[in-house]
Amino acid sequence: MEDLIREIERYTIEIMENKRLRDESHDSGHAFRVRKNALDIAPNGIDRITLEICCLFHDLGRAHIDKETPHAQLSVQYALPLLEHLKVSNIDIILNAIGRHSFLNADDDDIYTIVLKDADRLDALGVMGTYRILQSHHTQEEVIKDFKKVLEFIDMLRTPNSKKLALPKQMFSELFLMKFLKERSP
Ligand SMILES: [Fe+2]
Ligand SMILES: [Fe+2]
């Protein structure tokens with residue numbers, strides 16, 4: 001299983017660090033942080049290998065030239081042949097979570113989808129979340145809009161541990177936004 005995860009990590013880096021298409025806020029570092037968050041918040045009984053794969057592959061579609069198709073759908077298209085090639089178990093569960101990860105919460109989200117969405121949202125908050133927002137926008141208005149959007153993520157978290165992890169990150173993001181608004185117009 002260790003070998004399988006190393007292979008998944010290798011593909012994640014290879015695809016997401018593609019020089020031409022690299023997106024700093026959705027690089028392999030983001031995928032690795034989402035995995036860590038997910039493992040930290042995962043409830044008992046979840047298959048951790050399946051969860052790791054969901055996280056590592058969830059944004060493969062960001063490293064794609066096609067801007068018309070939703071990236072979650074592209075991630076599924078990228079992931080499927082790799083998962084089949086590696087003879088991974090629970091492919092349906094993994095593709096379902098990846099395909100749903102960027103959409104609003106749904107009542108029929110399974111536990112892998114719920115944990116992936118929470119883990120992904122956690123990386124939009126706190127120091128790294130702030131860095132990701134700042135480096136992906138060109139105007140102050142875009143930055144402010146994005147901060148307000150990610151601060152709404154707090155109410156979308158569904159696992160008990162994600163709410164605990166989110167609190168200090170939320171405080172950092174709120175403080176940054178408050179000071180940003182105050183200091184930009186003296
Ligand atoms: Fe995504
Ligand atoms: Fe993501």
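Asn 90 counts as partly exposed because it has 17 C-beta neighbours inside 10 Å; a residue is buried if 20 or more other C-beta atoms lie within 10 Å of its own, exposed if 12 or fewer, and partly exposed in between, with C-beta atoms placed from the backbone. The model is a predicted one, in which local features need pLDDT of at least 70 and side-chain atom pairs count only at pLDDT 80 or more, while totals for chains, interfaces and linings use all residues. Residues are numbered from 1 along each chain as its sequence is written, and chains are lettered from A and ligands numbered from 1 in the order in which they are written.

Asn 90 belongs to the loop between α4 and α5, and Lys 87 lies in the loop between α4 and α5 as well. Lys 87 is exposed, with 8 other C-beta atoms within 10 Å. Most residues other than glycine have a negative phi.

| Residue | Phi |
|---|---|
| Lys 87 | positive, about 55 degrees |
| Asn 90 | positive, about 60 degrees |

The secondary structure comprises nine helices and zero strands, where helices (H or I, at least four residues) and strands (E, at least two) are DSSP runs numbered from the N terminus. Along its principal axes, the C-alpha trace spans about 60 × 40 × 30 Å. Buried residues make up 35% of the 186 residues. Of the contacts with a separation of 6 or more, 64% join residues 24 or more positions apart, two residues being in contact if their C-beta atoms, placed from the backbone, lie within 7 Å.

The largest nonpolar core has 38 residues, and Ala 38, Cys 54, Cys 55 and Val 115 touch the most other members. Such a core is a set of buried Ala, Val, Leu, Ile, Met, Phe, Trp, Tyr and Cys residues joined through C-beta atoms within 7 Å. At least two residues of this core come from each of α1, α2 (28-41), α3, α4 (71-85), α5 (91-100), α6 (111-122) and α8 (140-151). Not counting residues up to four places away in sequence, Val 115 touches Ala 38, Ile 41, Ala 42, Ile 46, Leu 51 and Thr 159.

Helix α6 also holds Asp 120, which is buried, with 21 other C-beta atoms within 10 Å. Apart from neighbours within four places in sequence, Asp 120 is in contact with Val 34, His 58 and His 101.

Helix α1 (residues 2-16) packs against helix α3 (residues 48-57) at an angle of about 10 degrees, with the axes 10 Å apart. The two helices are therefore roughly parallel to each other, a label for angles under 35 degrees. On the α1 side, Ile 5, Ile 8, Glu 9 and Thr 12 meet Ile 49, Glu 52, Ile 53, Leu 56 and Phe 57 of α3.

Leu 181, in helix α9 (residues 160-184), is exposed, with 12 C-beta neighbours inside 10 Å.

Methods. Axes fitted to C-alpha atoms, helices over the stretch in contact; angles between N-to-C directions. Parallel < 35°, antiparallel > 145°, perpendicular 65-115°, else oblique.
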